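Visitor: I have a structure open and would like to go through it. Can we take it piece by piece?

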Amino acid sequence: MTLPRAGMLLAAVVLALYALVAVVVLTAPYTDPFNVIARLAALWGFLALAIAAILTPFLREIMKVFGRSFLSVHHTFAAVGLLLPTLHPVTFFIGAMNPAIFIPVFSSWSGFWAGAGRPALYLLYIAFAGVVLRKYIPKYWRWVHGLMYVVLLFAIVHGNLIGTDFEDPIIWALFNTLFALVVAAFLLKRWRMMRKKTNTLRAAEPGFSRLPR
C-alpha cells in the first residue's frame with residue numbers, strides 16, 4: 001500500500017530521528033562493540049515506545065496520515081519497542097556475563113533510580129501482556145497496558161542518571177523532549193476521554209436536546 005504524502009513525510013521524520021541517534025552513538029569514542037549495540041538498542045527502543053505513546057490520542061488522524069488503521073501503526077512501533085529494550089540488557093550480559101544486569105536494585109533509593117531500566121523491562125512485559133490478555137481481563141487490561149507510561153518514566157530517569165549518551169546535548173534534548181510529548185499526549189487523551197464521558201452523561205439527561213450547528 002502506498003503511503004499518503006503526509007504519511008511519507010511523517011515516516012521520513014521518524015527515520016531521520018533514528019538516523020540522528022545512530023550518528024551520535026556511532027561517532028562517540030568506544031572500544032567495546034557490545035556497548036555500542038546495547039546503547040543503540042536502548043535509545044531506538046525508547047524512541048519506538050515514545051512514538052507509540054505519542055500517537056495514542058490521534059486515532060482518526062493516524063488513519064488519514066498513514067492510510068491504515070491506528071492499531072497497525074501503533075503495534076508496529078510497540079513491537080520494535082518490545083524487542084530493542086530486551087536486547088539492551090541481553091547485549092550487556094553477553095559482553096560482561098554478569099546476571100546482575102537483570103536484577104533490580106532495591107538497596108537504596110538512588111541505586112533503584114539509577115538502575116530503573118531493570119524494573120522498566122519487566123513492567124514492559126506486563127504492559128504488553130495486558131494487550132495479549134485483553135479478552136480475559138476486559139475491565140483491567142487498559143490499566144495494565146497503562147504501565148507503559150511508567151516504563152517510559154523509569155527509562156528516561158535511568159538514561160538521565162547514568163546513560164552515557166545523555167551526556168550529549170542532542171540526545172539529552174531529543175529524549176527529554178520525547179518524554180515531555182508522551183506526558184502531553186497522555187494528558188490530551190485523558191482530557192478527551194473525560195470530555196466524551198461528560199457529553200455522554202449530558203445527552204442522557206432528561207430534557208437534553210442537541211442544538212443544530
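Visitor: What is the mean pLDDT of the protein chain?
Guide: The mean pLDDT is 89, and 94% of the residues reach 70 or more. pLDDT is the predictor's confidence in each residue, on a scale from 0 to 100. This is a predicted model, in which local features need pLDDT of at least 70 and side-chain atom pairs count only at pLDDT 80 or more, while totals for chains, interfaces and linings use all residues. Residues are numbered from 1 along each chain as its sequence is written, and side-chain values use heavy atoms, with hydrogens and water left out.

Visitor: Which elements have the lowest and the highest mean pLDDT?
Guide: Helix 3 (residues 59–66) has the lowest, at 82, and helix 8 (residues 147–162) the highest, at 96. Where pLDDT is low, the predicted coordinates should not be read in detail.

Visitor: How many helices and strands are there?
Guide: The protein chain has nine helices and zero strands. Along the sequence the pattern is α-α-α-α-α-α-α-α-α. Helices (H or I, at least four residues) and strands (E, at least two) are DSSP runs, numbered from the N terminus.

Visitor: And what does the C-alpha trace span?
Guide: About 70 × 45 × 30 Å along its principal axes.

Visitor: What share of the residues is buried?
Guide: Buried residues make up 34% of the 213 in the protein chain. Buried means under 20% relative accessible area, exposed over 50%, and partly exposed in between, with a 1.4 Å probe and protein chains only.

Visitor: Next topic, salt bridges. How many are counted?
Guide: The count is one salt bridge. The rule asks for a side-chain nitrogen of Lys or Arg within 4 Å of a carboxyl oxygen of Asp or Glu.

Visitor: Which residues form the salt bridge?
Guide: Arginine 39 and aspartate 165, with their closest N and O atoms 2.7 Å apart. The pair links distant parts of the chain: arginine 39 is in helix 2 (residues 33–54), aspartate 165 is in the loop between helix 8 and helix 9 (169–204), and they are 126 residues apart.

Visitor: Is arginine 39 buried or exposed?
Guide: Arginine 39 is buried, with a relative accessible area of 7%. Aspartate 165 is buried too, at 6%.

Visitor: What about glutamate 167, where does that lie?
Guide: Glutamate 167 lies in the loop between helix 8 and helix 9. Its relative accessibility is 70%, so it counts as exposed. From C-alpha to C-alpha, glutamate 167 and alanine 50 are 20 Å apart in space, and 117 residues apart in sequence.

Visitor: Now the surface. Which residues form the positive patch?
Guide: Arg134, Lys135, Arg142 and Arg190. Patches are made of residues with over 30% relative accessible area and no salt bridge; like charges are joined within 9 Å, and nonpolar side chains (Val, Leu, Ile, Met, Phe, Trp, Tyr) within 5 Å. Lys and Arg count as positive and Asp and Glu as negative, with His and the chain ends not counted.

Visitor: Where is arginine 134 found?
Guide: In the loop between helix 6 (117–132) and helix 7 (141–145). Arginine 134 counts as partly exposed because its relative accessibility is 34%.

Visitor: Which residues form the nonpolar patch?
Guide: Phe128, Val132, Leu133 and Tyr136, with about 450 Å² of accessible area together. Phenylalanine 128 is found in helix 6, and at 42% relative accessibility it counts as partly exposed.

Visitor: What else is in helix 6?
Guide: Proline 119 is found there. At 10% relative accessibility, proline 119 counts as buried.

Visitor: Last one: what is phi of methionine 97?
Guide: Near 55°, a positive value in a residue other than glycine. Methionine 97 is in the loop between helix 4 (70–96) and helix 5 (109–114), and at 57% relative accessibility it counts as exposed.

Notes:
Areas by Shrake-Rupley, 256 points an atom, 1.4 Å probe, with all protein chains shown as cover. Charge placed at Lys NZ, Arg CZ, Asp CG, Glu CD.
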